[in-house]
Amino acid sequence: MTALIQVDQLEKTFLMHQFGEKRITGCRGIGFTAHKGEFLGITGQSGSGKSTIIKCIYRTYLPSSGHIRYQSERFGLLDLADAPDRTMLAIRKEEIGYVSQFLSIMPRMTALEFVMEPLLDMGKNETKARLRARDMLAHFNLREALWDTYPKTFSGGEKLRLNLARAMARQSRLLLLDEPTASLDEASKETVKERINDLKKSGTTMIGIFHDLDFMESVVDRTYKLEHGLLEEVM
Ligand SMILES: Nc1ncnc2c1ncn2[C@@H]1O[C@H](COP(=O)(O)OP(=O)(O)OP(=O)(O)O)[C@@H](O)[C@H]1O
């Protein structure tokens, strides 16, 4: 199998300037490989560094040391730990998707426009992007009355389902999921599972963080546990 992403000795230390240069370890010594079409699940105690790993891959955080070797379609083999910002922006638009538990959204953008945006970015025309976005909003059971409103006032679960619809509307090469079922009911979890299975079939590699172990076990191929700062594969 081809490795799509290989993480090696990844470390992130936060330097707290406002607290006398205090250093907080986000994660350290992290290593794993994900192959094309594989889904890796990461579990572990709260505060153990799971989100930090995902955010280093997406480059929300700049890693302090280590490597994140990623086989890009457009750029070839890249180290995401030190790729130029411009390359990272292109990679985020074209290849790597990210779903967080929290919605960060442009003001004055409707739910429909929010889901259409990445589709337009990847070159779909307006009509196709709109149709696809409507399909995804319906798939994630977002009430049609909400589609043309601003998501600021959506409930927690609606915001998460909107995030999922946006990230899962296009076929990313790599999809990062930070607690994708955190505030969802059982029916909504089923719709997430269906879309995960579609993406798997079409070759998307996924890395997901979960507290919901039953859901995780129903979708992932391999599981890692982050404990006492060490990431170990659970056999
Ligand atoms: N931007 C930041 N600045 C300073 N410290 C941070 C920052 N982000 C994370 N940390 C710290 O890094 C550690 C790991 O945080 P992280 O969010 O990765 O944990 P987690 O395992 O995802 O937790 P949870 O399961 O509660 O979401 C924590 O101690 C946290 O306080």
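Let's start with lysine 200, which counts as partly exposed because it has 17 C-beta neighbours inside 10 Å. On the cut-offs: 20 or more other C-beta atoms within 10 Å of a residue's own makes it buried, 12 or fewer makes it exposed, anything in between is partly exposed, and the C-beta atoms are placed from the backbone. Keep in mind that this is a predicted model, where local features need pLDDT of at least 70, side-chain atom pairs count only at pLDDT 80 or more, and totals for chains, interfaces and linings use all residues. Numbering runs from 1 along each chain as its sequence is written.

So where does lysine 200 sit? It's in helix α6, residues 186-201. Lysine 200 and valine 220 are 20 residues apart along the chain, and their C-alpha atoms are separated by 9.9 Å.

Staying with α6: its 16 residues reach 23 Å from first C-alpha to last, close to the 22 Å expected at 1.5 Å a residue. That expected span is 1.5 Å times one less than the number of residues. Which residues of α6 are buried? Val192, Ile196 and Leu199. They cover an arc of only 60° around the axis, which puts them on the same side of α6; the arc is taken over the directions from the helix axis to the C-beta atoms. As a reminder, an α-helix has 3.6 residues a turn, so residues three or four places apart point the same way. On the face turned away from that buried side, α6 carries the exposed residues Glu186, Ala187, Glu194 and Lys201.

Buried here are Ala129, Ala133, Met136 and Leu137. Looking down the axis of α4, those buried residues fall within an arc of 100°, so they line one face of the helix.

Now the sheets. Inside it, β3 (residues 39-44) and β8 (residues 205-209) run parallel, joined by four bridges. Leucine 40 has isoleucine 207 in β8 as its bridge partner.

β1 (residues 3-16) pairs with β2 over ten bridges, and threonine 13 stands opposite threonine 25 in β2. The hairpin of β1 and β2 has five residues between the strands, and glycine 20 takes a positive phi near 60° there.

Last stop, the ligand. Which element gives the most to the shell around the ligand? That's α1, with three residues; β2 (22-35) and α1 (50-58) each supply at least two. The residues around the ligand include Phe14, Ile24, Gly47 and Lys50, where near means a C-beta atom, placed from the backbone, within 6 Å. The shell divides into two nonpolar, eight polar and one charged. For those classes, Ala, Val, Leu, Ile, Met, Phe, Trp, Tyr, Cys and Pro are nonpolar, Asp, Glu, Lys and Arg are charged, and the others, Gly among them, are polar.

Methods
Pairing = 2+ DSSP bridges.
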